[in-house]
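These are my notebook entries on one protein chain. I set down what I looked up, entry by entry.

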Amino acid sequence: TFDAVLNTVSVDYLTNPLEVFQEAARVLKPGGVFIVIFSNRMFPQKAVKLWRDSSEEERILLVQDFFKAAGGFEPPGVFVSRGKPRPPDDKYSPLGIPSDPIYAVYAEKEGGDPNRKRRTITMNTKRKKMSPEELKEFEKNIKDTLCCPYCGEKMLKWAVPDNPFAQTWDNEYMYICFNDACPYFVRGWEHMSREVQKPVSYRLMYNPERDYCLPIPVPTPFALREGIME
């Protein structure tokens, strides 16, 4: 028996996925975990048609269905890492292209210790997470500093779009943190995937007229940038 089974960037090529998932369940000890990791890249000539024709969101659901159909597993969990900046030595880093997304769908084999806390995969960020009191104190100074309380980077002036059909804000501009390494933005991909099962995130926006912060959804790291005024 094994404590863990890992499948990395190959689930898209499985022609008999149920048999593979059933075999993973067979060799795992009770409470052992099977982790399936994939991205949005593949060899199209090798990937099965169902995978090629599915969106990134649908592929997550597909792998979840493999776990359920195979049997023997607890309800699967999902981890998503999207929109993270590339390392400085990456040849595409100067272009502002984010790193490839990483998806992990994982589940424990049935029969584990019922008193043990269920496994979860979370994202690590370099910046220390502030306490609610520290965050509240930092937010008090945004009006003067215009710095993001989550990463400390300067927030950029952003023109509010002119939308006569659905005008949301009265003021002409906001301030938004466009730092792709901001923990608030990076954690947003995982949070939104878990809570609403959508591949989106959000950035921190500051309303200077009313002096408060709010999230603004973004489907990609490039969204909203056309409105930057500085």
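**Entry 1: The whole chain**

I began with the surface: the protein chain exposes about 13700 Å², of which carbon and sulfur atoms supply 54%. Accessible areas come from the Shrake-Rupley method with a 1.4 Å probe, and for residues only the protein chains shown count as cover. I note that this is a predicted model, in which local features need pLDDT of at least 70 and side-chain atom pairs count only at pLDDT 80 or more, while totals for chains, interfaces and linings use all residues. Residues are numbered from 1 along each chain as its sequence is written, and side-chain values use heavy atoms, with hydrogens and water left out.

I then looked up burial and found that 40% of the 230 residues of the protein chain count as buried. Buried means under 20% relative accessible area, exposed means over 50%, and partly exposed lies in between (1.4 Å probe, protein chains only).

For secondary structure I recorded 6 helices and 8 strands. These are DSSP runs, numbered from the N terminus: helices are H or I with at least four residues, and strands are E with at least two. From the N terminus on, the order is β-α-β-α-α-β-β-α-α-β-β-α-β-β.

I also looked up contacts, meaning heavy atoms within 4.5 Å. Among contacts between residues at least 6 apart in sequence, 63% join residues at least 24 apart.

**Entry 2**

The strands β1 and β2 pair in the parallel sense over 6 bridges; two strands pair if DSSP finds at least two bridges between them. Within this pairing, Asn7 stands opposite Val36 in β2.

On its other pairing, β2 runs antiparallel to β4 (residues 102–108), to which 6 bridges join it. There, Val33 has Glu108 in β4 as its bridge partner.

In the helix α1, I listed Pro17, Phe21, Ala24, Ala25 and Val27 as buried. The buried residues of α1 pack against β1, β2 (28–38) and α3 (56–70).

I checked the loop between β1 (2–8) and α1 (17–27), where Val9 lies. Val9 is not a glycine, yet it has a positive phi of about 40 degrees. Its relative accessibility is 46%, so Val9 counts as partly exposed.

**Entry 2: Rings**

How many aromatic pairs does a search of the whole structure find? The search gives 12. One of them joins Phe185 and Trp189, an edge-to-face pair at 5.6 Å centre to centre with 70 degrees between the planes. By definition, rings of Phe, Tyr and Trp (its six-membered ring) pair if their centres lie within 6.5 Å; planes under 30 degrees apart count as stacked, over 60 as edge-to-face and the rest as tilted.

Phe185 and Trp189 are separated by about one helical turn because they are 4 residues apart in helix α6 (residues 183–195). Phe185 is buried at a relative accessible area of 1%, and Trp189 is buried at 1%.

Ring pairs also link Phe21, Phe34, Phe66, Phe67 and Phe73 into a cluster.

I next looked for charges over rings: NZ of Lys or CZ of Arg must be within 6 Å of the ring centre and within 35 degrees of the ring normal. The charged end of Lys46 sits over the ring of Phe43, 5.1 Å from its centre. Lys157 lies over the face of Tyr173, 4.1 Å from the ring centre.

Is strand β7 (residues 201–207) enclosed or open? I found 7 of its 7 residues buried, so β7 is largely enclosed by the rest of the structure. One side holds Ser201, Arg203, Met205 and Asn207, the other Tyr202, Leu204 and Tyr206, and all are buried.

The strand β6 (residues 173–176) runs antiparallel to β7, joined by 2 bridges, and Tyr175 stands opposite Tyr206. The strands β7 and β8 pair in the antiparallel sense over 7 bridges, with Tyr202 opposite Pro217. They form a hairpin with 4 residues between them, and Asp211 in the turn has a positive phi of about 60 degrees.

**Entry 3: The end of the chain**

Last, I looked up Met229, in the segment after β8 (212–218). Met229 is partly exposed, with a relative accessible area of 46%. Its C-alpha atom is separated by 7.5 Å from that of Leu156, 73 residues apart along the chain. Not counting residues up to four places away in sequence, Met229 touches Lys157, Trp158, Ala159 and Tyr173.
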